[in-house]
Amino acid sequence: MNELRQLARVGDEDLAGQASGAGARALLASIIAEEPVKEPRRRPWKRLATAGVVTAALAAAVVLGPSILNTPGSATSYANAAMDIKLENGMWVARIKDPFADPAKYEEAFHAVGLEVKLQLEPASPRKVGEIFQFGTGGDVGEQTTIGFDSDPKDCKITDPECTLVLTLSQNASGAWIKAGRPAKPDEPYSNSSQATQKDGSLAGYEVEDKQVSEVVAEVERRGLKVVYQIVEPQPDGGHGMNPNAQSAPVGQDWWVWDAEEAQLGVVRLLVSKEHVIRK
Amino acid sequence: MSTQAERFAEIYAATYEQILGYAMRRCEIPEDAADIVAETYATAWRRADRLPDGDEARLWLYGVARNTLANHRRGQLRRQQRSAELNVDLADLYSRTPDSSVELGAIARTFRELNDDDRELLSLVAWEGLDHAQIATVLGVSRNAVRIRLHRARKRFSRALSKAGVTAHNLAMESA
């Protein structure tokens, strides 16, 4: 018995023969009927110049006070300084007017339209702004609750005044809790972990793996960034682990770098170990 | 059929069931799984010049499917309807799905409530049976990054299970 494997709806072996089914053949035919024209490059999220710009942009869009006064649960729309929520095409569409607002303000808006939903927006690295980190639903197992998070207009820059984060929820979303990414203020640590060496990352185009701390720090500083460390320690079982409460130990210049993550705006976190661990 | 289309059709036939499995294991309803499969292969066709051969193609397609799924989840309201026949096939497959898979109650709920990155890593190990190097290819990160992230994901999952009062010894969290 293997519980995690059992959670899978199907195994690949259950799908034997599907490739020659009518749906699979129709799909292939429809795809290759078109010329393989290269798709235009999607515009990636741009790094925020400063969070202050975002605050100013969003503040410009703020409408003060509830716009509709109804008893909780009877309204099909509600707005306060933090959020504007409306029922559109059978889905609740919540536009985040102030991503830095007290979460109680979001709850107030949800409550006004009869939804008991908790929304927690956390500082995120630029690539993760507008993404859901975690969510839970109050429904029974098997019941579908739809939760979507996106920018409007699609792929807009959050620094643009017209660019808004929009949460969409199915009408059975009561009981849901959502943690999602908002822009970070300059001194706020990111709550997500994002590799700094990825495209558009702070260390894009640079490999850190299997280099010594001195070499990597030189590159990080050359890019005008600061460094914090997380220490990877050998474990008795032969693996490696990290104790988040013991990260102040001095790190030697001759230690080895495993990875680099975005820590906060202008700061990179290096995952390091004293010993050089040979990759398997 | 052009040479490029023939090559694509071969890769499609060799990987379709695995990509379909990937999508079905991650989508609650058949229409969503059909969208993911259709969009994954449509994207692969648009980038056919970059589609690798052999098993690398499967890993590359998992990566495309993963991005497609993430975009899909970010824009739930924009469902495409490019695959009506596929919807029918998948509706049939979903109806045959045994219910026992959702009876694992607490584990299923705990697993669903992990953050997306942790759940995807553990799924790639348990469901797709990938090793560190293959996962690194799918995610476009280094093997060391995979090792560290898997270690953290397992820890977080174990902690969440303990909190939920579940003792599970046979969770497939190690690479095959």
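Of the 176 residues of chain B, 55% count as buried, where buried means under 20% relative accessible area, exposed over 50%, and partly exposed in between (1.4 Å probe, protein chains only). This is a predicted model, in which local features need pLDDT of at least 70, side-chain atom pairs count only at pLDDT 80 or more, and totals for chains, interfaces and linings use all residues. Residues are numbered from 1 along each chain as its sequence is written, chains are lettered from A and ligands numbered from 1 in the order in which they are written, and side-chain values use heavy atoms, with hydrogens and water left out.

**Chain B overall**
- Chain B has eight helices and zero strands; helices (H or I, at least four residues) and strands (E, at least two) are DSSP runs, numbered from the N terminus.
- Among chain B contacts (heavy atoms within 4.5 Å) between residues at least 6 apart in sequence, 69% join residues at least 24 apart.

**Nonpolar cores**
- A nonpolar core is a set of buried Ala, Val, Leu, Ile, Met, Phe, Trp, Tyr and Cys residues joined through side-chain atoms within 4.5 Å.
- The largest has 66 residues, and those with the most contacts inside it are Phe8(B), Tyr16(B), Met24(B), Tyr41(B) and Ile135(B).
- Helix H1 (residues 3-26) of chain B gives the most to this core, eleven residues.
- This core lies between domain 1 (1-97) and domain 2 (100-176) of chain B, because both give residues to it; the domain bounds come from an automatic or database domain assignment.
- A second, separate core of 31 residues includes Tyr78(A) and Val113(A).

**Tyr41(B)**
- Leaving aside neighbours within four places in sequence, Tyr41(B) is in contact with residues including Ile31(A), Phe8(B) and Leu61(B).
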